[in-house]
Amino acid sequence: MELISIFFSSIIIAFSGAMMPGPLLTVTISESTHRGFLAGPLLIIGHGILEIALITALLFGLAPLFNSQLFFLIIAFSGSAIMIWMAWGMFKSIPKLSISTNTDVERKNNLLFTGIIMSLANPYWTIWWATIGLGYIIFAQQYGLIGIVVFFIGHILGDFIWYSAISLAVSKGKKLFTDKVYRILIAICAAFLLLFSIYLIFKGIKAL
């Protein structure tokens, strides 16, 4: 049950990063108008390659820290503070959020490489992994390697679902994602992010 919980919660939390406007979302919309549905999945494969490298580096380079209670407390409380700040920012941005297909992003030849570059270009991605992502890795690691794998599968599946849906909607020219639907989804993700931050605070206090 714990692994199932990690899987589904990591999907929902992944949406908190995937749905916010940024370079990767912009280029997905732009490329999908030219290359069709496959643009989204290919960009996310590149995005996923980068995240596998990042998780591997975290596991091998920071592994000794994972057993430190002080490190866990720092991640729990600082991560919770960042998540609350992000959730608040998401709630505030809801009235102005809009998905627009009018972009001036230059077309790229290699979508896998573009997925990597666009991810690195987004400051939100770095903040997400330095706080929420790292906190979730620490949480999932208590179940061993399988916990990390389940977390990553759920996480990348969340990215894949969102960007594939955007790519499909744009490439087919159908209004599957109106501004209203987009704002509702952002509100749901912000609420879930807030709940997870409260859970992390509780775990931190319990560990004291």
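Helices (H or I, at least four residues) and strands (E, at least two) are DSSP runs, numbered from the N terminus. This is a predicted model, in which local features need pLDDT of at least 70 and side-chain atom pairs count only at pLDDT 80 or more, while totals for chains, interfaces and linings use all residues. Residues are numbered from 1 along each chain as its sequence is written, and side-chain values use heavy atoms, with hydrogens and water left out.

Figure 1. Read from the N terminus, the elements run α-α-α-α-α-α-α-α. Of the 208 residues, 46% are buried; buried means under 20% relative accessible area, exposed over 50%, and partly exposed in between (1.4 Å probe, protein chains only). Contact means heavy atoms within 4.5 Å. Among contacts with a separation of 6 or more, 88% join residues 24 or more positions apart.

Figure 2. Helix α1 covers residues 2-18, and its 17 residues reach 24 Å from first C-alpha to last, close to the 24 Å expected at 1.5 Å a residue. The expected span is 1.5 Å times one less than the number of residues in the helix. Buried residues of α1 include I6, I11, I13 and F15. Helix α4 (residues 69-93) has 25 residues and reaches 36 Å between its first and last C-alpha, close to the 36 Å expected. In α4, the buried residues include F71, L73, M83 and M90.

**Figure 3. Where α1 packs on α7.** Two packed helices are described by the angle between their axes and the distance between the axes. Here α1 and helix α7 (residues 145-172) pack at about 40°, with their axes 7 Å apart. That angle makes α1 oblique to α7. Axes are lines fitted to C-alpha atoms, for helices over the stretch in contact, and angles run from 0 to 180 degrees between N-to-C directions. Angles under 35 degrees count as roughly parallel, over 145 as roughly antiparallel, 65 to 115 as roughly perpendicular and the rest as oblique. The contact of α1 with α7 has 15 nonpolar, five polar and one charged residues. Ala, Val, Leu, Ile, Met, Phe, Trp, Tyr, Cys and Pro count as nonpolar, Asp, Glu, Lys and Arg as charged, and the others, Gly among them, as polar.

**Figure 4. S10, a residue of helix α1.** Have a look at the surroundings of this serine. S10 is buried, with a relative accessible area of 1%. Not counting residues up to four places away in sequence, S10 touches Y136, V150, F151, G154 and H155.

**Figure 5. Where α1 meets α8.** Helix α8 (residues 179-207) packs with α1 at an angle of about 120°, the axes lying 9 Å apart. From α1 come S9, I12, I13, F15 and S16, which meet C189, F192, L193 and F196 in α8. By class, this contact has seven nonpolar, two polar and no charged residues.

**Figure 6. F160 in helix α7 and L120 in helix α5.** F160 is partly exposed, with a relative accessible area of 36%. Leaving aside neighbours within four places in sequence, F160 is in contact with P41 and I44. F160 and I45 are 115 residues apart in sequence, yet 8.3 Å apart in space, C-alpha to C-alpha. L120 is partly exposed, at a relative accessible area of 48%. With neighbours within four places in sequence left aside, L120 is in contact with L50 and W125. The C-alpha atoms of L120 and L50 are separated by 8.7 Å, although the two are 70 residues apart along the chain.
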